[in-house]
Amino acid sequence: MKNPFSFLEAWKFDPISSIFTMVVLPIGIYVIVKIRRFIKESAGYLVDGIIYSLNKAFVHKVAAAFTLRRYCRLQLAGSTKLLRIPASTEVSIDIDEIFIPLVLENFGVGASYNSSSILSAGSRIRIIGDPGSGKSSAAKRLFRDECQRAIIAPSRARFPVFIELRTLDIPKNVAAKKLGDWMLTYVRENCAKHDVYNLLKCLDVYTYKTGLLVIFDGLDEVSSANYQRIAVALNLFSETLQQLGDNNVIVITLRTQFHQQVRPDFQDAYPTVLSVKRFSPSDIYEFLTRWPFATGRFENVVRIYNELTDRPSLREMCTNPLVLSMYVAQDQIGGGLLAPDSRSEFYSKVVEELLIKRRAKQIGALSAQAVVRQQRQQILGRIAFNHLLDKDQSPNHLKWSEAVDVVINIARCKDREDATRYLRELSKETGLIGEEQEGESFRFIHLTFCEFFCAYEAVHGQKDGWNVLMNSYRLFQADASLRARLVECLPFAVALMPRHMRSDALQQVGACNNLHLLAMTFLEAKLYDHELWPKFVDESIARLSAGAGRDKWDADWLRELHLFLVVASDAERSAEVMGGVARSDVVDAFFEEFARGEVQSLVRLIQSYAEQDASAAFRVANLCGIDLLNEAPEIVVSGCSQPPFLALALERALREQERLAIWMSLFAEGGLRSRAAADLLGRRSERPWQGVVVAKVPRSRRWYSPLFGRDSFYFDCISLAYDARLQHPNTPLLNILSTLAAPGAFSRIGVLCGRRLELWIGAMYFSGGVLASSFMQRRAIDNAVTNLASWTNLIAAGVAILAALSFLFGLSYTYRRGLYCAALNVTPPLTPAALFSSGVRRLLMLKWRGGVLDGADNPRSWSYPREGNCLVPRKSRKLIRLIMLQRMKLQR
């Protein structure tokens, strides 16, 4: 019988196995038991995270497709669509049509932004500006741009929210620490008012994903009682959104004057400050071109811009978009006939609007409006009067303590603290003054407002204010630094006086022996039947003629000349409706005297004036009776890059159809010389000669081809000038261009090939591939030839040959398009054909000399080979290069 324990006889002790079994294995089992839960939880967390990410991306796509687009369409049709302009009859205009891209400056880093690049400045932004500078318009345009972006590409856009802070009312039972959460809830509830599918879910998704764009407009419009809690809510709301997602952006708008007071409250939460820049003269012109005139749009633009050109101080004031829009609106309400005829009249309307009316429309009617208006006029007038008559104070740098004293005296405040509070509220409500250094100094938004209030106080607020003003002016003449201090105040004061006092006041101004001051006073008071008028005319002509040497035509002399011409022209217009105006032919008399002894004096004068202001030079030429077209055509050519000047020139060209060819030649020459002028001419929407004159030009002489992209007014000018065959000495580039074949002479087949070059490239490669594959099916040449005899490969071979020929034909025209665009100073449209032909041109037809651009942009870095170019005739290449070199020479 076998021993059942016999296996023990074969057993041997193995220490390694024993240690592994008794030590390592139990430890391993223990560790696995301990980390099993951790592994299970980690794996679950990982799976949940993957599912969450996929769900988040999916929900974002769905929310973008079904919710955000509809929400943004509703917003675009909402209250942000219209811009309301105050006037005697309020005007509403579509903001998308009238908005001019504003420049916003960040003085801290020296950078500038526009409405399309604001968000690149930071994620927490304060936009500040003077009253009417366009803060709210810029905020609305930013909001509407984001709505448009969300409609086009919702998955990449932010969720836009626009809130007017004056409508915000925070409940008193909300704790200060909870204001950030309350603000987020308010934003959600504000959006939930719209009838859109699952909007709150969409907002939450965007908060975590691509972010929100929340715009709070009008912080300066909240009441003083609510400001502190709103400021805390905005700061905490910034922190709340930062925790929810790093793509959220918040923008706040407020007035510069109010920003000076509350700046420390937002320095940490909203570090980026952008200041709205005033309109430039070109912006003013662009604004006028976008105004929805009922009739005669072009004529109204030219007329209003001319009025502002003749009144430089008024044009300076109209660099404020609100003031400019008020001016245009009032002009149109009066049919272009009842617009303010003087600065004094217009400033009175603007001050009236800023003092009380505009604020009343924003936050509701104020009680006792007449009393409030009178009190504010009295305070600001007294402050300005005392300031400008104090020779120790710098203009428009006023002492805060003295203003507080005025407020205590007029408003009957209990103490200085109460008066300080009143003054800051006045700054916030009107925007006419702004604190510079807290409790130390402040300023008016523009020195002209300070001068206007000073004149108003002298006439209506002080018992003997006019005499005090005149005596101060006489005393200031002893000091060269003070002579110009009251020069603007006196004309304002004369114009604001009752009629029975103006004549004597003008006599006192005349006794000061200051022709500049007297000219401005005549322009404001319109007293051209006064006995001083003939004397003023004679002395002005004598003085200007004495300084008429060409070496004395500096900026000061030209400004004095312009002022005299404006006053003289105003007197001529007044003489047509009133009697007793002597010397109504002032302009003719002056230029007869000026031009005596030298025929070209007037022409040289206009040319010198053009160096200061081309559009104003055009006006001076009109006043002088100088024909720029024949006597100074170079001014027309160089002025084509300035929108106002071009508008004036086009208006004259429309009235002079008999000389249309000369006008077109000068416009074309301006575009050939300057890329800016070519772009400006190309962007003009009006093409008055397209259907009448241009249509009569033979097709073979038209300088437009579909190869050049969109047809434009610029091509109309070149076509008309080219067809007229004029050889003008002031149009050297056009003279060279007239020897080239016009693009209209290109064959239609060539144009088609050139426009569809990429299709021919594809056809050629496809056909070549068919042939190659058929050859590869046979190893022997005989079999390949036999294969070619088949109908299929014969057709493929024919297509390949036609594609190759068409490709070369199209390449020829596309390359010619590039050369012609270089000659015309325009950028060819960016297409695959253009890119391909540009690469071929660099390889085959141009020699590299270290340049980085093609010949159109940098002709010195390329050279054309003398032989071997079969795509463009050698003569054409030489002429185009001559045009480019001549352009460089003229630009030096």
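In helix 16 (residues 416-430) of this predicted model, the buried residues are Ala 419, Thr 420, Leu 423, Leu 426, Ser 427, Lys 428, Glu 429 and Thr 430. An α-helix has 3.6 residues a turn, so residues three or four places apart point the same way. At the start of helix 16, a side-chain oxygen of Asp 415 comes to within 3.4 Å of the backbone nitrogen of Glu 417, and just after the helix Gly 431 adopts a positive phi of about 75°. The length of helix 16 can be checked against its residue count: because each residue should contribute 1.5 Å, with the span taken over one less than the number of residues, the 15 residues should span 21 Å, and the end C-alpha atoms, which lie 21 Å apart, agree with this.

The following table collects its overall values.

| Property of the protein chain | Value |
|---|---|
| Secondary structure | 39 helices and 14 strands |
| Residues that count as buried | 51% of 892 residues |
| Contacts joining residues at least 24 apart, among those between residues at least 6 apart in sequence | 72% |

Which residues does Leu 219 touch, not counting residues up to four places away in sequence? Leu 219 touches Leu 165, Tyr 227, Ile 230, Leu 234, Ile 252, Thr 253, Leu 254, Phe 258 and Phe 266.

The structure holds 24 aromatic pairs, and one of them, formed by Phe 452 and Phe 492, is edge-to-face, with 5.5 Å from centre to centre and 90° between the planes. This pair links distant parts of the chain, since Phe 452 belongs to helix 17 (residues 447-460) and Phe 492 to helix 19 (residues 489-496), the two residues being 40 residues apart. Both Phe 452 and Phe 492 are buried. The two rings also belong to a cluster, in which ring pairs link Tyr 347, Phe 444, Phe 449, Phe 452, Phe 453, Tyr 456 and Phe 492.

How values were computed: Residues are numbered from 1 along each chain as its sequence is written. This is a predicted model: local features need pLDDT of at least 70, side-chain atom pairs count only at pLDDT 80 or more; totals for chains, interfaces and linings use all residues. Side-chain values use heavy atoms; hydrogens and water are left out. Contact means heavy atoms within 4.5 Å. Rings of Phe, Tyr and Trp (its six-membered ring) pair if their centres lie within 6.5 Å; planes under 30 degrees apart count as stacked, over 60 as edge-to-face and the rest as tilted. Helices (H or I, at least four residues) and strands (E, at least two) are DSSP runs, numbered from the N terminus. Buried means under 20% relative accessible area, exposed over 50%, partly exposed in between (1.4 Å probe, protein chains only). A polar contact is a pair of N or O atoms within 3.5 Å; within protein, one must be able to donate a hydrogen and the other to accept it, and residues adjacent in sequence count only if both atoms are side-chain atoms.
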